[in-house]
Structure formats: structure tokens, C-alpha cells
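Student: I'm new to this structure. Could you walk me through it, one question at a time?

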Amino acid sequence: MSRLARRSCWSLHFKNLHHSLIKTTSSFSTDSTHHPSPPPIRVELTEYAGRGVFASRRIGAGELIHTAKPAVAHPSLSMIHTVCYSCLRKLPNRHSTDDMSFCCIQCEQLSKKKADWSSFNEYCRLQGLKYPLLVKRLACQVISGAVTYDILDVLQPEILSSDQISRMKKEAALLRSTFEDSDFESEKMAFLTEEWYAGVLARIRINAFRIELAIGSYEDLLSSAAALVEAESAVGNAVYVLPSLYNHDCDPNVNILWIENADAKIKALRDIEEGEELRICYIDASMDYGARQRILHQGFGFQCNCPRCVSKD
Ligand SMILES: C[S@@+](CC[C@H](N)C(=O)[O-])C[C@H]1O[C@@H](n2cnc3c(N)ncnc32)[C@H](O)[C@@H]1O
């Protein structure tokens, strides 16, 4: 296939992908008559990093570009008694001892049939793992019919080593046996194979966001200071579809923030021209050039060639 033909094939693919992503994964701010306005973005192929998100019109500094609901979210284990198990909102009653507490009936309904997750959670706690918790949560959502088993297939996967794959096989078996012990119907678990587990985890490892809620009150400020002392300031982790298509820049023009729960808000940090790529920063941009390159290479497998890195700033 010629380069041009391949490109137009991709263009068609991305046009369809763009429409389905916009329709299915994001909720957008509405105007006063409650007509949802489409976000000013389009998904296109970049020259350097697969897909990326581009401005479809001029966007002003501070503008809310779009919001997005997570495909899957899970609280940090150290926060499991203090935030909603579904949406990661802080709970008014911070003394819950239940491993699944909810902020409202709608969130509770997303976890109707419960299993005993103590062994799986303990395994993750001992190994210092956070992403298998997202796979567990996704499997629950698939079983309950809230999402399809292939919801994350559209995301870029990490290339896994054979060591990682054999560890994942053990985790997949532990996950499956927890469902079996809790009498989940076996037909509903047919999707839960070692391959499914490894494929989902490979995508989560590249695309998960660590959720830190914006400080809303003096009380939040105190609890966040306490969490920092305990080395855990994130309320949890989540994976989104559309936000996962934003590429990285060490001097980004947009950022993602969370105000009260795991719903992501994507905002412009400065004026952006039509056609400009929208890029977020995956890491702490205050680190020096060498540390940024090392972390991006180890965590995401790429060498950053953003203007800041090219000038070794
Ligand atoms: C979260 S995904 C971003 C969307 C991705 N481009 C896609 O097509 O799905 C992260 C991956 O995009 C690529 N990427 C993102 N920012 C990049 C950059 N500044 N330079 C090179 N590759 C980048 C890397 O392969 C990285 O692992």
C-alpha cells in the first residue's frame, strides 16, 4: 500500500474513531439551553507519536476544552476508607471500615454484586501494585454489563517482558478464583483469560492517570499535607479513552485536573491556535532535563523531543 493510500486509510479510521470517542467517552459542558456543544478538538495522526489531539478552532487561555468520565477508576489502597469506591469523591464520613464505601446510590449501583477482595488487595498492597486494582475493577464492570470487555482496546499498549507476562498470569488466576469463590456466573467470566488480563494491564500501564483532587478547603489542605507525609497524595488511579490520546510535552499547553471526583477536566493553559497539537505533561515538569528523559523513557518507553528537551532545558 502506498504511503498516501495508507494515510487516507488511517484518516478514515481516525475520523470514525474521533466520532465514536467524542460520542461515547466524554461529557461536555452545556450552554444555558442545555444543548451539548462539541469540544473544539480532533484526533489525528502525528508525525512523531501515533495519534494526537489537535485544536479544531482557536482556544483561549483558561478555557475548559472538555470533560471526561473514567472508563475505570480505583481508589489508592491507603485511601480506600476515605473516598467513594466508584468515583473517588471524598466521603463525608471518613471513618468507614468497609473496603467499598460509596458517596451516593448511583455510585453504589455500579458495584451491585460484591466479592471478597481482601486477598487480591493484600497481594497488591504487599507487591506495591496499583494497576491490577484497575483490572479487577474493569472486570467487575464487564461482568455487571456496565462496559464491554474491549473498551480499552483502542489505547496504545506497553510491550511486556516475559517476566511481566508470567507475573500477570498469576494475577489473572487470583482474580478469576476470587470471582469463582464469590459465586459469579461462569458464563459472565468467559472474557477473563490470561490474554485479556495482560492486554488490559499493558494498556493501563501506559495510559493510567494518578488522580489528585484540587484542594477545595482548609480541611482538604490538612488531609493532603498528612497524605504527603504518608507518601500518598493520590486518591486513586483511573483510565480514560479520549484523554489517553494526548501526547506529552515538558512545557504543555493544556492540563488535566480533578476537582471533586475522578471526572477529568481538560483546560487550556495558554492561547492555542487552530491546528496546534494539544499536549499535556505526564510527569513533574519542574525536574531537570536528565531526570525528565529518564522517567519518560522508563515509564512510557519514549525519548522526549519537545522543544524544551531539544534545547536541553
Ligand atoms: C498516552 S499515549 C498518547 C497517545 C498515543 N500517541 C497514541 O497514539 O495512542 C502515550 C504514548 O504516546 C507516545 N508519546 C507521547 N508523547 C510523546 C512525545 N513527546 N514524544 C514521543 N512519543 C510520545 C509514546 O509512545 C507514549 O508511550
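Tutor: Gladly! Domain bounds here come from an automatic or database domain assignment. Keep in mind that this is a predicted model.

Student: Into which domains is the chain divided?
Tutor: One of the domains is built from two stretches, 3-68 and 240-282, and is domain 1. The others are 72-239 and 288-313. In order, that gives domain 1, domain 2 and domain 3.

Student: How many residues of domain 3 are in contact with domain 1?
Tutor: Start on the side of domain 1, where six residues take part. By class, these are three nonpolar, one polar and two charged residues. Across from them, the number of residues in domain 3 is nine.

Student: At what angle do helices H5 and H6 pack?
Tutor: H5 covers residues 162-181 and H6 covers residues 194-207. Residues of H5 that meet H6 include Ile 165, Met 168 and Leu 175, while the H6 side includes Tyr 197 and Leu 201. By class, this contact has seven nonpolar, no polar and three charged residues. The axes are 9 Å apart, and the angle is about 115°.

Student: Is the crossing of H5 and H6 left-handed or right-handed?
Tutor: For these two helices, H5 and H6, the crossing is right-handed.
The residues in contact there also include Ala 172 of H5 and Ala 198 of H6.

Student: Which elements give two or more residues to the shell around the ligand?
Tutor: The ligand is surrounded by 18 residues, and the closest are Ala 49, Gly 50, Arg 51, Asn 247 and His 248. By class, the shell has eight nonpolar, nine polar and one charged. The elements are strand E3 (51-55), H6 and strand E8 (247-248).

Key: Residues numbered from 1 in each chain as written. Predicted model: local features only at pLDDT ≥ 70, side-chain atom pairs only at ≥ 80, totals over all residues. Axes fitted to C-alpha atoms, helices over the stretch in contact; angles between N-to-C directions. Helix = DSSP H or I, 4+ residues; strand = E, 2+ residues; numbered from the N terminus. Left-handed = near helix turned anticlockwise from the far one by under 90°. Contact = placed C-beta atoms within 7 Å. Nonpolar A, V, L, I, M, F, W, Y, C, P; charged D, E, K, R; others polar. Near = placed C-beta within 6 Å.
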